[in-house]
Amino acid sequence: MAGYTPHQRLDNLLEADLLKEAVDKLYAKAGKSIEEQAQGISVSGQTVLNIVRRFNPEKIELKEEPLIKREARIIYIEADEDHVAHREKGVNAFDQRLIYVHEGRVQVGKDRYELIGKKYFTFPPGTKPETIWSNIYDFLDATYDLEKTEHIFISGDGVPWIKAGATYIYGAKYVLDGYHLRRAVFKAAGADDDTREALFKAIFSGKRGEMNRLLTALKEEANSESRKGAILDVQKYLNNQWPGILAMRRYRNLLVGCSAEGHVIHVLSARMSSRPMGWSYLGANQMAHLRVNRENGANP
């Protein structure tokens, strides 16, 4: 009558509390936290892991069908990935992907901004771009009156799966993330302020030939093969991202800046990669969904 199943050792509410703890803590520490709150019980890290596995957070769909679709002149989509260490030695790290949608930002403090209407999504490595962006489009179509939307911008570091969003979402424009553009320029120019300024001027003026001339000169002046290789990598990167750079230049008055790197750190890395720990593909995807669902307002 109370809803308990045969052999059940933990109450459902206690399991929910363990899930909340596990979102921010190692499984063993999550169990210890509950032990301190409820004297006399013992909860191992394996027990917490088993609860996460049974909960299947990656299979929970939090679909909200608004009664009235929102109207937004501009919709921003930003994407990046967290580099997660695999738990098996000798197996390469993998990328857990993060995408979030918002309508812009509002200042809430001296140097703090809050995104308007943000919604997070996460996808495991190997997910096809078609699957990723179909999910994002379904959300946009269900949430917004897209006929009233004038611009959809997709920002990121230029990896193929992010750029593919502009192919699958009609009318969307890919824009290179300013953070990765600045990082590339700093990598090529080093500590030379004048060279950095000249590179930025060429890039933001849309002068591709001048940008390449400066990078070629830097490469020829480099005093080591590793330095030459680093500059060549930057040159290839910037040329491959040139359409996204032009879009950044063209729509600069409409863009609010991409903060994907910071969101990945806050939503994923803080639990999954900022400390020396390894994950399985399933475990990382489940934890990513737990954290994303919490950011979206879900409660276990």
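**Reading strands, a helix pair and a buried residue**

Modeller: Gladly! In this predicted model, let's begin with a strand pair: R97 stands opposite F123 in strand β5.

Biologist: In which sense do β2 and β5 pair, and over how many bridges?

Modeller: β2 and β5 (residues 119-123) run antiparallel, with 5 bridges joining them. Strand β1 (residues 74-84) is also an antiparallel partner of β2, over 9 bridges. There, E78 has Y100 in β2 as its bridge partner.

Biologist: Why is β2 described as largely enclosed by the rest of the structure?

Modeller: Because 8 of the 9 residues of β2 (residues 94-102) are buried.

Biologist: Now a helix pair. At what angle do the axes of α10 and α11 cross?

Modeller: The axes of α10 (residues 225-240) and α11 (residues 242-250) cross at roughly 60 degrees and come within 4 Å. Angles from 65 to 115 would count as roughly perpendicular and those under 35 as roughly parallel, so α10 is oblique to α11. Where they meet, L238, N239 and N240 of α10 touch W242, P243 and I245 of α11. That contact has 4 nonpolar residues, 2 polar ones and no charged ones.

Biologist: And V175, is this residue buried or exposed?

Modeller: Buried means under 20% relative accessible area, so V175, at 2%, counts as buried. V175 sits in strand β7 (residues 172-176). Leaving aside residues up to four places away in sequence, V175 touches F153, I154, S155, G156, G244, A247, M248 and L255. As for G158, 17 residues away along the chain, its C-alpha lies 8.4 Å from that of V175.

Notes:
Residues are numbered from 1 along each chain as its sequence is written. This is a predicted model: local features need pLDDT of at least 70, side-chain atom pairs count only at pLDDT 80 or more; totals for chains, interfaces and linings use all residues. Side-chain values use heavy atoms; hydrogens and water are left out. Axes are lines fitted to C-alpha atoms, for helices over the stretch in contact, and angles run from 0 to 180 degrees between N-to-C directions. Helices (H or I, at least four residues) and strands (E, at least two) are DSSP runs, numbered from the N terminus. Angles under 35 degrees count as roughly parallel, over 145 as roughly antiparallel, 65 to 115 as roughly perpendicular and the rest as oblique. Contact means heavy atoms within 4.5 Å. Ala, Val, Leu, Ile, Met, Phe, Trp, Tyr, Cys and Pro count as nonpolar, Asp, Glu, Lys and Arg as charged, and the others, Gly among them, as polar. Buried means under 20% relative accessible area, exposed over 50%, partly exposed in between (1.4 Å probe, protein chains only). Two strands pair if DSSP finds at least two bridges between them.
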